[in-house]
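Reader: I am new to reading protein models, and I would like to go through this one slowly with you. Could we look at the structure together?

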Amino acid sequence: RCLDNPGPACDGRAMDRAELLALMDLNMFEMYREIARATSGGFVVERAGLVMCGSPLGTVITNMAMVADLVDVDVVRAETEQAFRREGLPFSVWTRAHADGPLETALVRAGFLDITSTPGMAFVPGPEAAVAPSGDVDIRPVTDEPGRAAYADIMAEAYAVYGAPRESTRAHF
């Protein structure tokens, strides 16, 4: 595997844990930037070590200030005030367990509420053959407006299980 065993799937080199985590962070930031860019009224603000993404119909989960560099709690408060609070938008601050421990502690001391923790995961291909999906799985691209709307409806129902408003989820798809 890439972490400890170089091979063709890893461009012939090993990757250490710090490098993998840094790449995963960059990938996550870009994924949420793209979601915000594709969402009606969506915005991306990058300033002072934060990547802030959101939209008018966003929730505390989809409007986020992601910590991308060393910042302190005063910077987080000032930047989220400008990007979210002034507009009355719900938001959350996303920290990285591998990089932001002291900031997490400072945020809680400053009155931010720790609401959840989500693990980051990476699929590191190995020498095993890929497993094909079962016959009852149909994977196909969405290529038109009716397909997009159907996908948005499915996602809205799926995220409603977690309390996300259906219209907020539809707006992101």
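Author: On a 1 Å grid over the protein atoms alone, a pocket is an open set of points where a 1.4 Å probe fits, with protein on both sides within 12 Å along at least five of seven lines, and its lining residues have an atom within 4 Å of a point. This is a predicted model, in which local features need pLDDT of at least 70 and side-chain atom pairs count only at pLDDT 80 or more, while totals for linings use all residues. Residues are numbered from 1 along each chain, and side-chain values use heavy atoms, without hydrogens and water.

Reader: Which residues line the second largest pocket?

Author: Rolling a probe the size of a water molecule over the atoms shows where empty space is left. Here the lining of the second largest pocket consists of D138, I139, R140, P141, V142, T143, D144, G147, A150, Y151 and I154.

Reader: Is strand β2 buried or exposed?

Author: Strands are DSSP runs of E with at least two residues, numbered from the N terminus, and buried means under 20% relative accessible area. L50, M52 and G54 cover one face of β2, and V51 and C53 the other. Because five of the five residues of β2 (residues 50–54) fall in that class, the strand is largely enclosed by the rest of the structure, and the word for them is buried.

Reader: Which residue stands opposite C53?

Author: Two strands pair if DSSP finds at least two bridges between them. β2 and strand β3 (residues 64–67) pair in the antiparallel sense over four bridges, and the residue of β3 opposite C53 is M64.

Technical notes
Buried means under 20% relative accessible area, exposed over 50%, partly exposed in between (1.4 Å probe, protein chains only).
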